[in-house]
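Dear colleague,

I am handing over the structure that we spoke about, together with some notes on what was found in it. Please keep it open beside this email while you read.

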Amino acid sequence: MIPAGQSLIGFSTGAPGGAVFRAFDPARAADLEPVFHSVSVVELERAVQLAATAAPAWAKLTGAARNRFLRLIADKLDRHAAVLAEKAVQETGLPLARCTGEVARTSGQLRLYGEAAERGDWLDARIETAQPDRKPLPKPDHRSMLRPLGPVVVFGSSNFPFAYSVAGGDTASAFAAGCPVIVKAHPAHPGTGELVGRLVVEAVKECGLPEGSFALLFDAGFEVGQALVRHPLVKAVGFTGSLKGGRALVDLAAARPEPIPVYAEMGSINPFFILPGALAERAAALVDGLHASATVGVGQFCTNPGLIVLQRSAAAEKFVKDLAAKLTATPEAAMLTPGIRKAFVGNTAARTQQPGVTVIAQGKTAMACGAAPVWFETEARTFLGNPGLSSEIFGPSSLVVWCRDRAELLDVARQLEGSLTATLHAGASEAAEQGELIDLLSAKAGRLILNGYPTGLEVSQAIVHAGPYPATSDGGRSTSVGTRALVRWTRLICYQGFPDALLPPELQNANPLGALRMVNGQFTRAAV
Ligand code: NAP
């Protein structure tokens, strides 16, 4: 399997032409073959028209058929895991074990979402049966559920070449929800994207699905992505990346004659509070755990703990000193792209210049695209007076905030912006007394973690990967990870007074799919 550098549109490939770009090997600082061609305006139009044509068939596809399709993609990813991982290592500089593990995570995710699609419980089917004799007015029969939106555009992320890219979370959840998908390939790993995309196209063909079920479009700049978001036949957008990029797409979608939802996951500082009792009980384990969480993947995770909040004490000072020594000794590794590395160097240099901010750990770097930890500390009153210190630095950099007392620690929590996660480490006797802090943090984050670490996200039925703005664009009302992610690609529809034969199976009296439904106020799998 070798990438050819062309977009995948239906069952054909895009013609060479247009602006070109190459993948880049950040570990060796070298361009990679082949040349990737930006998709032309005509081909982009064809991809969207095909997706729009496929959308009605997709809306009627049974959950079982969607599950079969997602499982087939998963099986293909697993079968080709070695070659896919090898390509991703070349294009991202990530270690082989991480890339191989991510393929498995991606196939697991596809299977999980496929099972959810087949079970149908997530569709929130509700039935209120008619009461023709009700006085003073008869009550009509109402049946409602979630229905797919239509063509979805997915912008994959740079930091997950599989799990949040071409066949990653947004694509899998959109397929599971019954929507055709057009992926705007991320230029950080285009070859990996193309190889995965070809497997998706194979699965489309083998399942006998319409040609417009899937497309993968390359672009050397922003034009294709922006044209997709503006296109009147596109009905929703999924995005993982920077606040700047996500916000640009949200604004673009809102300015359309028909505004559409953009589910943008834009990262966050993921505050990490360490209380005195936790340090007394397990300071050494916390040094190791926090170091691992903050440096894994060269800190290039949206859940990276970027703000460490402590009350000053001798024990806390020793903890930070030990952690800083371990960070300083951490070897450098290649960042995902020269652009991400440039931003990291620029942002850490700018933070060094901030009044009242001191560098506490600085690892050594020699590689062209390498980065090592750069950590800072400041006093809570400086943090509270400087909003710039709340912004995320993507990469292995965090800010330690020293609080004089508990009141100051609560002030820091009060001032936080929206985050994907908030972590609290407390001692055994402290945890029960953290009501006020937990209430403050629950208003700021989509996932609260007690005595754990924010990285190493488990994809599950119950996980929430979301948070108030700027962590996500929809205020944390939905999640981009876990089976709840499917609902983002749907809208509600209610059928009033419909005979059984005209209803979707999920709402028919016999409940042929056995889905969990609310019937006259009671959850049941029974027939009506
Ligand atoms: P990015 O710059 O936001 O790009 C993500 C995707 O969106 C790319 O396909 C990009 O296209 C496209 N895009 C960006 N701005 C756009 C615009 N104004 N109009 C149309 N398309 C646009 O993110 P990145 O390249 O992955 O990394 C850059 C920064 O993003 C990082 O330094 C980090 O701060 C952040 N990031 C956050 C997360 C997260 O977990 N939320 C993950 C990865 C990165 P092109 O690349 O072709 O321009």
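Asp141 sits in the loop that links β5 (126–128) to β6 (142–148), where strands are DSSP runs of type E with at least two residues, helices are DSSP runs of type H or I with at least four residues, and both are numbered from the N terminus. Before going further, please note that this is a predicted model, in which local features need pLDDT of at least 70 and side-chain atom pairs count only at pLDDT 80 or more, while totals for chains, interfaces and linings use all residues. Residues are numbered from 1 along each chain as its sequence is written, and side-chain values use heavy atoms, with hydrogens and water left out.

Asp141 has a relative accessible area of 13% and is therefore buried (buried means under 20% relative accessible area, exposed over 50%, and partly exposed in between, with a 1.4 Å probe and protein chains only). Its side chain makes a polar contact of 2.8 Å with the side chain of Arg143; a polar contact is a pair of N or O atoms within 3.5 Å, and within protein one must be able to donate a hydrogen and the other to accept it, while residues adjacent in sequence count only if both atoms are side-chain atoms. Not counting residues up to four places away in sequence, Asp141 touches Glu128, Thr129, Ala130, Tyr495, Gln496 and Gly497, where contact means heavy atoms within 4.5 Å.

The strands β5 and β6 belong to an open sheet of 5 strands with mixed pairing, in the order β21-β6-β5-β22-β23; two strands pair if DSSP finds at least two bridges between them. At the edges stand β21 (490–496) and β23 (522–524), each with a single partner strand, so one side of each has no neighbour in the sheet. From one strand to the next the twist averages 25 degrees. Strand β22 (residues 517–519) pairs with β23 in the antiparallel sense over 3 bridges, and Met518 stands opposite Phe523 in β23.

Another open sheet has 7 strands, again with mixed pairing, in the order β2-β1-β9-β8-β7-β10-β11. Its edge strands are β2 (12–13) and β11 (262–265), each of which pairs on one side only. Helix α5 (residues 169–177) packs on this sheet, touching β7 (152–155), β8 (181–184), β9 (214–217) and β10 (236–240), and its direction makes about 170 degrees with that of β8; axes are lines fitted to C-alpha atoms, for helices over the stretch in contact, and angles run from 0 to 180 degrees between N-to-C directions. Helix α6 (residues 190–206) also packs on the sheet, touching β1 and β9, with its direction at about 160 degrees to that of β9.

Leaving aside neighbours within four places in sequence, Ala236 is in contact with several residues, including Val152, Val153, Ile260 and Trp489.

Ser419 is found in strand β19 (residues 419–425) and is buried, with a relative accessible area of 1%. The side chain of Ser419 reaches the backbone nitrogen of Asn270 at 3.0 Å, and a polar atom of that side chain lies 3.5 Å from the backbone nitrogen of Ile269. Among the other residues that Ser419 touches is Pro271, whose bridge partner in β13 is Leu307. Strand β12 (residues 271–274) runs parallel to strand β13 (residues 307–311), joined by 4 bridges, and both faces of β12 are covered, with Pro271 and Phe273 buried on one side and Phe272 and Ile274 buried on the other.

Finally, there is a pair of helices to look at. The axes of α2 (residues 63–79) and α4 (residues 96–119) come within 8 Å and cross at roughly 170 degrees, which means that α2 is roughly antiparallel to α4 (angles under 35 degrees count as roughly parallel, over 145 as roughly antiparallel, 65 to 115 as roughly perpendicular and the rest as oblique).
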